[in-house]
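Biologist: Please show me the structure. I have some questions about the words used for it.

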Amino acid sequence: MPSSSSGGGHALAAAFVARIERVVDLTGRAASWLTLAIVVLMAVDVLLRYAFSIGSVWAQELEWHLLAPLVLFGMTYALLKGEHVRVDVFYARYSPRGQAAVDLLAALLAMAMAVLVIRYSIQFVSQSYAINEISSDPGGLTHRWMLKALIPLGFAVFALQAAAQGVGAALRLFGVSSAQATGAAP
């Protein structure tokens, strides 16, 4: 029987998971609107280019500037919703504890990968900021460091979601139900 102190720890863990998942869900939903912006921007760009022979470097650059946050925050949203790549042929055959162990290992590996990307991308962003990097194309966008800064930010959110999934997997692995973790009656 768990002690009351471990019950409090379980509740804190469940609250941590819930908060992170709420933030990731909101961030993912907000980022999904970038899809509409990209489609409209591309349609206008194509229409202007082929119907009126008007091209715009900044519009083309803005397309991939919008794609970066969509991908960076979209990957975290996919992780939250379980839409990431996993070999379900094997996973589905595991017991619930086996699935929790695989999920915990995957979360730890995802966090390690995210930390490495963050570590190595900070210098990349710092250099871009220091030189006030802009597009090399005439008429291109300025402040390229802001786009590059999304790399460590996006992977920080990814690491938080992986941590939340790791905590959830650890709770499942050690037999703590959602009701027990939150202190609700089973």
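Predicted model: local features only at pLDDT ≥ 70, side-chain atom pairs only at ≥ 80, totals over all residues.

Biologist: How many helices and strands does the protein chain have?

Modeller: The protein chain has 7 helices and 0 strands. From the N terminus on, the elements run α-α-α-α-α-α-α.

Biologist: How much of the protein chain counts as buried?

Modeller: Of its 186 residues, 31% count as buried. The chain exposes about 11,600 Å², and carbon and sulfur atoms supply 70% of that area.

Biologist: What share of the contacts joins residues 24 or more positions apart?

Modeller: Taking contacts with a separation of 6 or more, the share is 76%.

Biologist: Which residues touch the most other members in the largest nonpolar core?

Modeller: They are Val24, Phe73, Ala114, Leu150, Phe155 and Phe158, in a core of 19 residues. Helix H1 (4-52), helix H2 (57-81), helix H4 (96-130) and helix H6 (150-173) each supply at least two residues. The largest share, 7 residues, comes from H6. Another core lies apart from it, with 5 residues, among them Ile38, Ala59, Leu66 and Leu70.

Biologist: What is phenylalanine 73 in contact with, leaving aside its neighbours within four places in sequence?

Modeller: Phenylalanine 73 is in contact with Thr27, Ala31, Leu150, Leu153, Gly154 and Val157.

Biologist: Now H2. How does its reach of 36 Å compare with what is expected?

Modeller: H2 has 25 residues, and 36 Å is expected at 1.5 Å a residue. From its first C-alpha to its last, H2 reaches 36 Å, close to that value.

Biologist: Where does H2 bend?

Modeller: The bend is at glycine 74, by about 25 degrees. Just after H2, glycine 82 takes a positive phi of about 75 degrees.

Biologist: Which residues of H2 are buried?

Modeller: Among them are Ala59, Glu61, Glu63, His65, Leu66, Pro69 and Phe73.

Biologist: Why does glutamate 61 count as buried?

Modeller: Buried means under 20% relative accessible area. Glutamate 61 has 5% relative accessibility, so it counts as buried.

Biologist: What does the side chain of glutamate 61 reach?

Modeller: It reaches the backbone nitrogen of leucine 141 at 2.8 Å. A polar contact needs a pair of N or O atoms within 3.5 Å. Leaving aside neighbours within four places in sequence, glutamate 61 is in contact with Ser135, Asp137, Gly140, Leu141 and Arg144.

Biologist: Where does H4 bend?

Modeller: H4 bends by about 30 degrees at serine 121.

Biologist: Is serine 121 buried or exposed, and what makes it count that way?

Modeller: Serine 121 is at 6% relative accessibility, so it counts as buried. A polar atom of its side chain lies 2.8 Å from the backbone oxygen of valine 117. Leaving aside neighbours within four places in sequence, serine 121 is in contact with Ile151 and Pro152.

Biologist: What do the buried residues of H4 pack against?

Modeller: They pack against helix H3 (88-91), H5 and H6. The buried residues of H4 include Ala100, Asp103, Ala107 and Ala114.

Biologist: How far apart are the C-alpha atoms of leucine 104 and glycine 166?

Modeller: They are separated by 4.8 Å, although the two residues are 62 residues apart along the chain. Leucine 104 belongs to helix H4.

Biologist: Which phi does serine 53 have?

Modeller: Serine 53 has a positive phi of about 55 degrees, although it is not a glycine. In general, most residues other than glycine have a negative phi. Serine 53 sits in the loop between H1 and H2.

Biologist: Why does serine 53 count as exposed?

Modeller: Exposed means over 50%. Serine 53 has 67% relative accessibility, so it counts as exposed.

Biologist: What makes histidine 143 partly exposed?

Modeller: Partly exposed lies between the two cut-offs, under 20% and over 50%. Histidine 143 is at 38% relative accessibility, so it counts as partly exposed. Histidine 143 lies in the loop between H4 and helix H5 (144-148). It has a positive phi of about 55 degrees.

Notes
Residues numbered from 1 in each chain as written. Heavy atoms only, no water. Core = buried A, V, L, I, M, F, W, Y, C linked by side-chain atoms within 4.5 Å. Buried < 20%, exposed > 50% of the residue type's maximum accessible area, 1.4 Å probe, protein only. Helix = DSSP H or I, 4+ residues; strand = E, 2+ residues; numbered from the N terminus. Contact = heavy atoms within 4.5 Å. Areas by Shrake-Rupley, 256 points an atom, 1.4 Å probe, with all protein chains shown as cover. Expected span 1.5 Å × (residues − 1). Bend = angle between axes of the 7 residues up to and from the residue. Polar contact = N/O pair within 3.5 Å; in protein donor to acceptor, adjacent residues only side chain to side chain.
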